[in-house]
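These are my notebook entries on a structure that I looked through element by element. The sequence and the structure come first.

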Amino acid sequence: MSVITVHDKSFVSYLPESLILEKIKALADELNRDYAGKKPLFIAILNGSFMFASDLFKELHIDAEICFIKLASYKGTKSTGHVITAIGLDTDITDRHVVILEDIIDTGKTMNEFLPQIRNQQPASLKIAVLLHKPDATVFPIQIDYCCFSIPNKFVVGYGLDYDGLGRNIRELYQLETGPSV
Ligand SMILES: O=P(O)(O)OC[C@H]1O[C@H](OP(=O)(O)OP(=O)(O)O)[C@H](O)[C@@H]1O
Ligand SMILES: Nc1nc2[nH]cnc2c(=O)[nH]1
């Protein structure tokens, strides 16, 4: 087990890159089957999902489009409770098969605030695919359609996820040594 320090906190190794990529490949296989002939539109939520979205999209072999929006609510290891849309949606999603890509659903607040905006635009279908889900931390009821890993309620960094701006470039996932995230 390796330990790293990011800012003032210690994190221990949790999910190796090989396992993350294996799960993403399995998810892509499922999406290739479920969305064949539907030309889905993937909406990736920046910043945290950039690595997940990139690795997943490379494994899709069907006709598919991707666009990006930027939502943010975390400061340090805690949710501020306010979800800010820093870059909004610039693509018409009416009658499109939409799949939202998120790195993590923790409290569920971000998704809970974003989903009504998407539903208002009447997509043909709407599904959510996440790399990580913390079921014990989720307080807003979100239906997650595709999930790579259910994880305990501990703050994680790496593979696109940050602690106060740092750690996104770490290839594997690390977990805070002690304590819950919120
Ligand atoms: O379920 P929740 O408790 O709302 O947490 C999930 C959100 O938190 C992270 O975003 P963050 O606000 O850290 O922004 P970032 O992606 O730019 O790091 C993550 O990317 C999700 O969007
Ligand atoms: N980096 C990071 N961002 C989050 N946003 C919500 N939960 C988390 C988490 O555990 N780690």
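**Entry 1**

I began in strand 10, where tyrosine 174 is the bridge partner of valine 157. Strands, like helices, are DSSP runs numbered from the N terminus, with at least two residues (E) for a strand and at least four (H or I) for a helix. I noted that this is a predicted model, in which local features need pLDDT of at least 70 and side-chain atom pairs count only at pLDDT 80 or more, while totals for chains, interfaces and linings use all residues. Residues are numbered from 1 along each chain as its sequence is written, and chains are lettered from A and ligands numbered from 1 in the order in which they are written.

Strand 9 and strand 10 are joined by two bridges and pair in the antiparallel sense; two strands count as paired if DSSP finds at least two bridges between them. I then looked up the sheet to which they belong: four strands form an open sheet in the order 1-2-10-9, with antiparallel pairing. Strand 1 and strand 9 each have a single partner strand, so one side of each is left without a neighbour in the sheet.

Strand 1 (residues 3–6) and strand 2 (residues 9–15) run antiparallel and are joined by four bridges. Isoleucine 4 has phenylalanine 11 of strand 2 as its bridge partner. The hairpin of these strands has two residues between them, and histidine 7 takes a positive phi near 50 degrees there.

I next traced an open sheet of six strands, in the order 5-4-3-6-7-8 and with mixed pairing. Its edge strands are strand 5 (78–87) and strand 8 (146–150), each of which pairs on one side only. Neighbouring strands are turned by 25 degrees against each other on average, direction ignored; axes are lines fitted to C-alpha atoms, for helices over the stretch in contact, and angles run from 0 to 180 degrees between N-to-C directions.

Strand 3 and strand 4 run parallel, with six bridges between them. Isoleucine 43 has cysteine 67 of strand 4 as its bridge partner. Helix 1 packs on the sheet and touches strand 7 and strand 8, its direction making about 160 degrees with that of strand 8.

**Entry 1: the core**

Which residues touch the most other members of the largest nonpolar core? Among its 41 residues, they are Ile100, Leu101 and Val156. Such a core is a set of buried Ala, Val, Leu, Ile, Met, Phe, Trp, Tyr and Cys residues joined through C-beta atoms within 7 Å. Strand 6 (residues 97–105) gives the most to this core, with six residues. A residue is buried if 20 or more other C-beta atoms lie within 10 Å of its own, exposed if 12 or fewer, and partly exposed in between, with C-beta atoms placed from the backbone. In soluble globular proteins, nonpolar side chains tend to be buried together.

Leaving aside neighbours within four places in sequence, I found leucine 101 in contact with residues including Phe52, Ala53 and Leu56; contact requires C-beta atoms, placed from the backbone, within 7 Å.

**Entry 2: the ligands**

I counted 18 residues around ligand 1, the closest being Asn47, Gly48, Tyr74, Thr107 and Thr110. A residue is near a molecule if its C-beta atom, placed from the backbone, lies within 6 Å of it. Strand 4, strand 6 and helix 3 (109–119) each supply at least two residues of this shell.

Ten residues surround ligand 2, and Tyr74, Asp106, Phe155, Val156 and Leu161 are the closest.

**Entry 3: backbone exceptions**

Most residues other than glycine have a negative phi, and most peptide bonds are trans. I found a cis peptide bond between leucine 46 and asparagine 47, with omega about 0 degrees. Asparagine 47 lies in the loop between strand 3 and helix 2.

Is lysine 39, with its 12 C-beta neighbours inside 10 Å, buried or exposed? Lysine 39 counts as exposed because that number is 12. It has a positive phi of about 40 degrees. Tyrosine 159 also has a positive phi, near 50 degrees, but tyrosine 159 is buried, with 26 other C-beta atoms within 10 Å.

Technical notes: Contact = placed C-beta atoms within 7 Å.
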